[in-house]
Amino acid sequence: MSHLVRTPVTTPVPVVLAGARGHGRWHLDNLRRLQERGTVRLAGICELTPLTADELPEGLAAPEQSADFGALLDSTGARIAVVCTPIPTHTDLALTAAGRGVHLLLEKPPAPSYAEFSRMADGVAAAGVACQIGFQSLGSHAVPAIRRLIDEGAIGEVVGVGGAGAWARPESYYRRAPWAGRRRLNGVDVVDGVLTNPLAHAVATGLALLGTGRADDVTGIETELLRANAIESDDTSCVRVATPRGPVAVAATLCAEQPGEPYVVVHGHRGRVTFWYKQDRVLLQRAGHGPEEILYGRTDLLENLVAHLTDGTDLLVPPAATGAFMKVVEAIRLADEPARLPSGAWHFDEDEQRRVVTGIDGLVASCADTLALYSELGASWALAKEVST
């Protein structure tokens, strides 16, 4: 255990953001919002190249900037670090912060392998710091509400959970960073696939709705990993996770015909609950009742971490709650290289400069509806599924 002398955490909490470009811009805007409320103070930004004045949202003053994460934590007196850097760097940066007694908001996926996840989680626990994993959908108030519906028997006995994500990304998406679309880089695991990064929330949320988010809740995993783009990783894939409470089957693509909002759906013997997790929108359909649609609020995960540190509020997404998701990441990491889709299965959209898989939108939705994999639905290009336990 750590022998660091800890001082009470009071607001505004000094925060260092590691990785302020790309998705990090979202964190900058969120930090500005919370700073205006007096919850946090952006004390430092860690980037290889300092942000220019134009890149800093108005109202954040002039936080200290450095490429040396540890030194920046020391000089700013940060109590929280937000880590939004390339996937392979997460564990080392998390442990750098933990070793200084700095609490963490760690972006998803928390690590590129289960071994790195365990090293991070064990190190954070040993240091006695709090760590929140950045699955923002798990801050939605819809998640506990759906769990209550399930527990109350609103849709009868649960059959399983399906998930569907039909998104689109231009070819330039895979040129935005050296690690984009890679399974490995310079001998280090990256695992930047559609299910492990851009649509990771569909997997994590599906598992969470069944209350099967911990590593030991997973009893088996089947994967079908494919790619239309000229990348190393997968862009059109599905996975089925076996749990004691039923299967969680998620299909996703970045090559949609008509991109739409991703969702998860809980199937019961007497109804279903559909959750569009980016919108916090829920549709309850059950026998003997008309459809009910409800829009829920959401707790920001950084706010929740601050509340945890200041008044003992429970963390919404501690590392242990993402263990099952990391088992999926590990199964994908260990699977054979993603199969290349035949040229006849996709076409290039000149206007949007992206590859489009013919019929994939309907196939993704069918997977979520039936809890079946691509190959089981008769997709001619789907290979025999791989099974991991």
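A residue counts as buried when its relative accessible area is under 20%. By this criterion helix α6, in a model that is predicted, is mostly covered, with 10 of its 10 residues buried. These residues are A200, H201, A202, V203, A204, T205, G206, L207, A208 and L209. Just after α6, G211 adopts a positive phi of about 70 degrees.

Helix α6, which spans residues 200–209, also gives the most to the lining of the largest cavity, with 3 residues. A search of the whole structure returned 2 cavities of 30 Å³ or more. The volume of the largest cavity is about 40 Å³, and its lining consists of F135, L138, A204, L207, A208, G213, A321, T322 and F325. By class, this lining has 7 nonpolar and 2 polar residues and no charged ones. For the second largest cavity the volume is likewise given as about 40 Å³. Y173, Y174, G181, D192, G193, V194, P198, I231, S233, D234 and L254 line this second cavity. Its lining divides into 6 nonpolar, 3 polar and 2 charged residues.

The largest pocket holds about 1300 Å³ of space. Of the 38 residues in its lining, R21, G22, H23, G24 and C84 are the closest to the centre. Helix α1 and helix α3 (90–98) each supply at least two lining residues of the largest pocket, and the largest share, 3 residues, comes from α1. The lining of the largest pocket is made up of 17 nonpolar, 12 polar and 9 charged residues.

The second largest pocket has a volume of about 200 Å³. It is lined by 14 residues, and those nearest its centre are L138, V143, R147, A208 and L316. Helix α5, covering residues 142–151, gives the most to the lining of the second largest pocket, with 3 residues. The classes in this lining are 6 nonpolar, 7 polar and 1 charged.

Helix α1, already named for its share in the largest pocket, runs over residues 24–36 and includes H27. The relative accessible area of H27 is 3%, and H27 is therefore classed as buried, the limit being 20%. The side chain of H27 forms a polar contact with the side chain of E107, at 2.8 Å. Beyond its neighbours within four places in sequence, H27 is in contact with L17, V82, C84, L105 and E107. Among these, C84 is also one of the residues closest to the centre of the largest pocket.

V15 lies in strand β1. Its relative accessibility is 0%, so V15 is buried under the 20% limit. Apart from neighbours within four places in sequence, V15 is in contact with L31, V40, R41, L42, A43, G44, I80 and V82. One of these, L42, stands 27 residues from V15 along the chain, yet the C-alpha atoms of V15 and L42 are separated by 5.0 Å. V82 is also among the contacts of H27.

Strand β1 (13–18) and helix α1 are among the elements that cover the buried residues of helix α7. The cover also includes β2 (40–46), β4 (80–83), β5 (103–106) and β6 (131–133). In α7, which comprises residues 301–311, the buried residues are L301, L302, N304, L305, V306, A307 and L309. The N-terminal end of α7 is capped by D300, with a side-chain oxygen 3.1 Å from the backbone nitrogen of L302. Just after α7, G312 has a positive phi of about 85 degrees.

In an unreviewed entry, UniProt lists residues 145–273 as "domain: GFO/IDH/MocA-like oxidoreductase". Over residues 145–273 the chain is 13% helix and 33% strand. The C-alpha atoms at the ends of residues 145–273 are 11 Å apart.

Methods: Residues numbered from 1 in each chain as written. Predicted model: local features only at pLDDT ≥ 70, side-chain atom pairs only at ≥ 80, totals over all residues. Heavy atoms only, no water. Helix = DSSP H or I, 4+ residues; strand = E, 2+ residues; numbered from the N terminus. Buried < 20%, exposed > 50% of the residue type's maximum accessible area, 1.4 Å probe, protein only. Polar contact = N/O pair within 3.5 Å; in protein donor to acceptor, adjacent residues only side chain to side chain. Contact = heavy atoms within 4.5 Å. 1 Å grid on protein atoms, 1.4 Å probe; cavity = no way out; pocket = protein on both sides within 12 Å on 5 of 7 lines; lining within 4 Å. Points joined across faces, edges and corners; volume = space filled by probe spheres on them. Nonpolar A, V, L, I, M, F, W, Y, C, P; charged D, E, K, R; others polar. UniProt positions renumbered as here; feature names shortened; annotations may be inferred.
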